[in-house]
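This report goes through a set of local features, one topic at a time. Keep the sequence and the 3D view open while reading.

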Amino acid sequence: MSLENLSANKSFGGWHKQYRHYSQSLNCDMRFAIYLPPQASNGAKVPVLYWLSGLTCSDENFMQKAGAQRIAAELGVAIVAPDTSPRGEDVADDEGYDLGQGAGFYVNATQAPWNRHYRMYDYVVKELPELIEATFPVSNKRAISGHSMGGHGALTIAMLNPERYRSMSAFSPIANPVNCPWGIKAFSAYLGDDKTTWLKHDASELMSKASQFVPALIDQGQGDDFLVEQLKPETLTAAAKQSGYPITLNLQQGYDHSYYFIASFIESHLRFHATHLNK
């Protein structure tokens, strides 16, 4: 599979690089960013944190705003940030910001016209890691994290594939999408009217029934405008209690939904993941 390097920037002794490639899963060109810490230049294969961004974002938001490179360089962890959806003139879209391009929700769509391109679950779980591990000096030790829609994706993907990920974390995740406006709109379009098919993409539903545990860290700002209607972190707390799932869920006073929040706590998340990636 050919990769086109779009940019390269040295950062804290490592390299942030942006690439474009054709995705077989999504039937279109896709872009992703990778930060390779300095250890990756010394012959070592480094572990990888996959970062999933939220609604309206691309691969650029996290890499430019989170301030993660300094700690990733110290810890020797690569970071891979895919785009949030397929894109292109022939890719189905919607006038709303919360459906279509920029809003893939990390599921495999089963409904037309979305099912032609919107297979973000397969892309994130299978195609992209295979490409990364075949191309760059990284190991198959993986962790996953994300924000908002991406937090939903990180938690559900890790719980559906506990053998693939050493740890999972989330900032402001959409914790119970089957019961919030964002999730209901997206799942109705992508997955159809049979709500039983929605449940395996709901973090709270998965956590309540889990028997295999991926170590989990979650941070939620208490000043988040979306807290009550869309995010519902209390459903994760209840689900973890039901199954005995070992999660740490921190409610952070005054913090909102922005990257100011993520930048404030990204170091603790990276150190959390490094602990598990280096075991």
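## A glycine between β9 and α9

G254 sits in the loop between β9 (247-252) and α9 (259-277). The model is a predicted one. With a relative accessible area of 62%, G254 is exposed, because that value is over the 50% cut-off.

Which residues does G254 contact, once its neighbours within four places in sequence are left aside? They are Q222 and G223. G223 is 31 residues from G254 along the chain, yet their C-alpha atoms are separated by 4.6 Å.

## Backbone features in loops

The peptide bond between A112 and P113 is cis, with omega at about 0°. P113 belongs to the loop between β5 (78-82) and α3 (120-135).

F105 is also placed in the loop between β5 and α3. F105 is not a glycine, but its phi is positive, at about 60°. Is F105 buried or exposed? Its relative accessible area is 0%, so F105 is buried.

A positive phi, of about 50°, is found at F12 too, and F12 is not a glycine either. F12 lies in the loop between β1 (4-11) and β2 (14-23).

## Cysteines without disulfides

A disulfide is a covalent bond between the sulfur atoms of two cysteines. How many disulfides does the structure hold? The count is zero. C28 is in no disulfide, and the nearest cysteine sulfur to it, that of C57, is 18 Å away. C57 is in no disulfide either; for C57 the nearest cysteine sulfur is that of C180, 17 Å away.

C28 counts as buried because its relative accessibility is 6%, and the limit for buried is under 20%. C57 has a relative accessible area of 9% and is buried.

## Aromatic rings

A pair of aromatic rings is described by the distance of the centres and the angle of the planes. The structure has 16 aromatic pairs. One of them joins W114 and Y118: the ring centres are 5.3 Å apart and the planes stand at 80°, so this pair is edge-to-face. W114 is buried, with a relative accessible area of 8%. Y118 is buried as well, at 1%.

How are the rings of W182 and F226 arranged? Their centres are 4.8 Å apart and their planes are at 45°, so the pair is tilted. This pair links distant parts of the chain, with W182 in helix α5 (residues 181-191) and F226 in the loop between β8 (216-221) and α7 (227-231), 44 residues apart. W182 is buried, with a relative accessible area of 3%, whereas F226 counts as partly exposed at 29% relative accessibility.

W51, F62, F171, Y255, F261 and F265 form one aromatic cluster. A charged side chain also meets a ring: K17 lies over the face of W15, at 5.9 Å from the ring centre.

## A serine in strand β6

S139 is part of strand β6 (residues 138-147). Its relative accessible area is 15%, so S139 is buried. Which backbone atom does the side chain of S139 reach at 3.2 Å? The atom is the backbone nitrogen of K141.

Not counting residues up to four places away in sequence, S139 touches K45, V46, P47, V48 and E133.

## Helix α4

Helix α4 (residues 149-160) has twelve residues. From its first C-alpha to its last, α4 reaches 16 Å, close to the 16 Å expected at 1.5 Å a residue.

An α-helix has 3.6 residues a turn, so residues three or four places apart point the same way. How much of α4 is covered? The helix is mostly covered, as eleven of its twelve residues are buried. The buried residues are M149, G150, G151, H152, G153, A154, L155, T156, I157, A158 and M159.

Technical notes: Residues are numbered from 1 along each chain as its sequence is written. This is a predicted model: local features need pLDDT of at least 70, side-chain atom pairs count only at pLDDT 80 or more; totals for chains, interfaces and linings use all residues. Side-chain values use heavy atoms; hydrogens and water are left out. A disulfide is a pair of cysteine sulfur atoms within 2.5 Å. Buried means under 20% relative accessible area, exposed over 50%, partly exposed in between (1.4 Å probe, protein chains only). Rings of Phe, Tyr and Trp (its six-membered ring) pair if their centres lie within 6.5 Å; planes under 30 degrees apart count as stacked, over 60 as edge-to-face and the rest as tilted. Helices (H or I, at least four residues) and strands (E, at least two) are DSSP runs, numbered from the N terminus. A charge sits over a ring if NZ of Lys or CZ of Arg is within 6 Å of the ring centre and within 35 degrees of the ring normal. A polar contact is a pair of N or O atoms within 3.5 Å; within protein, one must be able to donate a hydrogen and the other to accept it, and residues adjacent in sequence count only if both atoms are side-chain atoms. Contact means heavy atoms within 4.5 Å. The expected span of a helix is 1.5 Å times one less than its number of residues.
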